[in-house]
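Me: Hi! Could you walk me through the packing in this model? I'd like to start with helices and then move on to sheets.

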Amino acid sequence: MSQKDRSDLLPPYEESLEELLRLSRPAVAQVLEDSLADREITREEACRLADLQTPELKALVRVADLLRQREVGDVITYVVNRNINFTNICFVGCRFCAFSRGPRDEDAYFHSLETMGKKALEAWEMGATEVCVQGGLPRGLPAGYYKQILLEIKKWTPEMHIHAFSPMEVKYGVELRRIPLRDYLLELKEAGLGSLPGTAAEILNDEVRQTISRNKLSTREWIEIITTAHRLGIPSTSTLMYGHLERFEHWVDQLLLLRSIQKETGGLTEFVPLGFIHHHTDLYRMGLSRPGPTVEEHLKIHAVARLLLNGWVRHIQIAWVKLGEELSQACLQAGADDYSGTLIEENISRMAGATEGQFLSPVEMHRRIRKLGRIPAQRSTTYEILRYDPPDDWPATQPDAALARLL
Ligand code: SF4
């Protein structure tokens with residue numbers, strides 16, 4: 001089903017919540033009413049939201065939007081950041097990935113430490129407060145390489161927040177360094193690591209992982225890395241990849257797992273649903289997956305996340321690179337409250353076939369957020385509000401000349 005086919009599902013809706021609840025099956029309406037009363041939803045109750053009819057989906061979206069408003073008000077935040085995907089060489093071979101290359105491929109690349117430092121400095125001079133550093137996993141990296149990346153970036157930009165290294169990269173780094181996980185994370189923290197991306201999660205179910213990314217870390221290892229980081233004062237994001245071969249129950253189980261991690265550590269800054277971009281992936285070519293998420297799934301994952309994480313994880317982030325403008329705006333009315341980053345230089349989704357660009361100017365972020373009648377605000381990585389006014393030194397559209405220089 002193409003996204004356009006179901007544009008009737010996109011909020012805002014004419015029907016009132018009362019009307020939509022009246023049109024819903026009682027078992028579904030009950031879950032939504034319990035959520036509004038701040039009662040914690042169980043697995044069994046959440047699973048009743050699996051196959052929703054149209055009025056029920058609209059009711060879910062409206063309830064999620066109300067919970068969002070209650071939890072964080074009408075502010076929609078964003079961070080000015082730059083991605084540094086320092087290499088696309090990777091031996092892991094995830095079937096959903098169109099980014100990785102073998103070391104001898106023509107378009108394989110590996111940025112030097114100095115290049116990474118310079119990229120951080122360029123971003124800092126453009127107003128970025130964060131660099132997000134992730135890459136493929138090349139064989140034979142020097143033992144302390146990830147620490148060297150942090151030290152180099154801090155040398156060029158001492159005040160830059162470094163959001164870096166997926167749990168898979170952390171696992172690899174531990175193997176290279178041959179020291180316990182806790183000591184390794186402490187070493188990275190001392191070298192300047194500010195937070196971890198909660199990526200490499202995809203679906204935290206080992207049966208699904210066996211098909212989509214069999215060489216990746218296990219669910220147990222992902223949990224261990226994330227919770228150890230939290231206990232050491234290193235916060236992380238959390239993610240889920242949807243729209244491939246997973247089922248609704250997998251979403252529910254993952255969201256409940258994240259809720260329990262948050263109850264224990266309080267270290268999750270946000271939850272980010274990541275729609276599967278299928279075009280250039282083996283997973284799709286081999287007939288093992290759906291062709292990405294439907295409109296219903298996009299709305300539903302953001303809304304169900306708001307319900308299940310209510311009171312625990314405050315922020316639900318949209319991935320505008322994958323969603324595009326129309327669906328981004330819709331998901332921000334379905335429980336989400338964060339526009340993610342300006343992402344000067346985005347490579348991973350682009351290689352899989354995403355066409356929404358590599359950069360969204362803060363000026364454009366402000367325009368889109370105001371269009372929703374909400375309040376834009378630039379935030380830090382850990383959600384401190386930095387400013388409400390749009391920076392007036394940014395162009396409204398993609399600064400082609402500046403980008404050409406940066407890329
Ligand atoms: S998702 Fe990451 S670990 Fe998996 S193949 Fe791609 S770059 Fe490698």
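**Helix and sheet packing**

Reply: Happy to. In α2, Val28, Leu32, Ser35 and Leu36 meet Glu56, Ala59, Leu60, Val63, Leu66 and Leu67 of α4. Bear in mind that this is a predicted model.

Me: What's the make-up of that α2 and α4 contact, in nonpolar, polar and charged residues?

Reply: The contact residues split into 8 nonpolar, 1 polar and 1 charged.

Me: And at what angle do α2 and α4 pack?

Reply: The angle between α2 (residues 26-36) and α4 (residues 54-72) is about 5°, and their axes are 10 Å apart. The two helices are therefore roughly parallel to each other, since angles under 35 degrees count as roughly parallel.

Me: Next pair, please. How do α8 and α10 cross?

Reply: Helix α8 covers residues 181-190 and helix α10 covers residues 219-231; their axes come within 10 Å and cross at roughly 55°. That makes α8 oblique to α10. The crossing of these two helices is right-handed.

Me: Which residues make the contact there?

Reply: From α8 there are Leu181, Arg182 and Leu185, and from α10 there are Glu224, Ile225, Thr228 and Ala229. By type, the contact of α8 with α10 has 4 nonpolar, 1 polar and 2 charged residues.

Me: Okay, switching to sheets. What is the strand order in the one with β1?

Reply: That open sheet has 4 strands in the order β8-β1-β9-β10, with mixed pairing. Its edge strands are β8 and β10 (385-387), each of which pairs on one side only. Neighbouring strands of this sheet are turned by 40° against each other on average, direction ignored.

Me: How many bridges does β1 share with β9?

Reply: There are 4 bridges between β1 and β9 (residues 375-379), and the two strands pair in the parallel sense. Within that pairing, Thr77 has Ala377 of β9 as its bridge partner, while Tyr78 stands opposite Gln378 in β9.

Me: And what about β1 with β8?

Reply: Strand β8 (residues 338-341) is joined to β1 by 2 bridges, and these strands run parallel. Here Thr77 turns up again, standing opposite Asp338 in β8.

Me: How many of the residues of β1 are buried?

Reply: Strand β1 (residues 75-79) has 4 of its 5 residues buried, leaving the strand mostly covered.

Me: Let's go to the other sheet. In what order do β2, β3, β4 and β5 sit?

Reply: They form an open sheet of 4 strands in the order β2-β3-β4-β5, and the pairing is parallel. The edges are β2 (81-85) and β5 (193-195), each pairing on one side only. The twist from one strand to the next averages 40°.

Me: What holds β2 to β3?

Reply: Strand β2 pairs with β3 (residues 130-134) in the parallel sense over 5 bridges. Asn85 has Gln134 of β3 as its bridge partner, and Asn81 stands opposite Glu130 in β3.

Me: Which strands does α5 touch on that sheet?

Reply: Helix α5 (residues 113-125) packs on the sheet and touches β2 and β3; the direction of α5 makes about 165° with that of β2. There is also α6 (residues 145-156), which lies across β3, β4 (161-164) and β5 and runs at about 155° to β4.

Me: Last topic: Lys263. Where is it found?

Reply: Lys263 is in helix α11 (residues 248-265).

Me: Is Lys263 buried or exposed?

Reply: Lys263 is exposed, because 10 other C-beta atoms lie within 10 Å, and the cut-off for exposed is 12 or fewer.

Me: And how far is Lys263 from Trp312?

Reply: Their C-alpha atoms are separated by 7.0 Å, although Lys263 and Trp312 are 49 residues apart along the chain.

Definitions and conventions: Residues are numbered from 1 along each chain as its sequence is written. This is a predicted model: local features need pLDDT of at least 70, side-chain atom pairs count only at pLDDT 80 or more; totals for chains, interfaces and linings use all residues. Axes are lines fitted to C-alpha atoms, for helices over the stretch in contact, and angles run from 0 to 180 degrees between N-to-C directions. Angles under 35 degrees count as roughly parallel, over 145 as roughly antiparallel, 65 to 115 as roughly perpendicular and the rest as oblique. A crossing is left-handed if the near helix is turned anticlockwise from the far one by less than a right angle, and right-handed if clockwise. Two residues are in contact if their C-beta atoms, placed from the backbone, lie within 7 Å. Ala, Val, Leu, Ile, Met, Phe, Trp, Tyr, Cys and Pro count as nonpolar, Asp, Glu, Lys and Arg as charged, and the others, Gly among them, as polar. A residue is buried if 20 or more other C-beta atoms lie within 10 Å of its own, exposed if 12 or fewer, and partly exposed in between; C-beta atoms are placed from the backbone. Two strands pair if DSSP finds at least two bridges between them.
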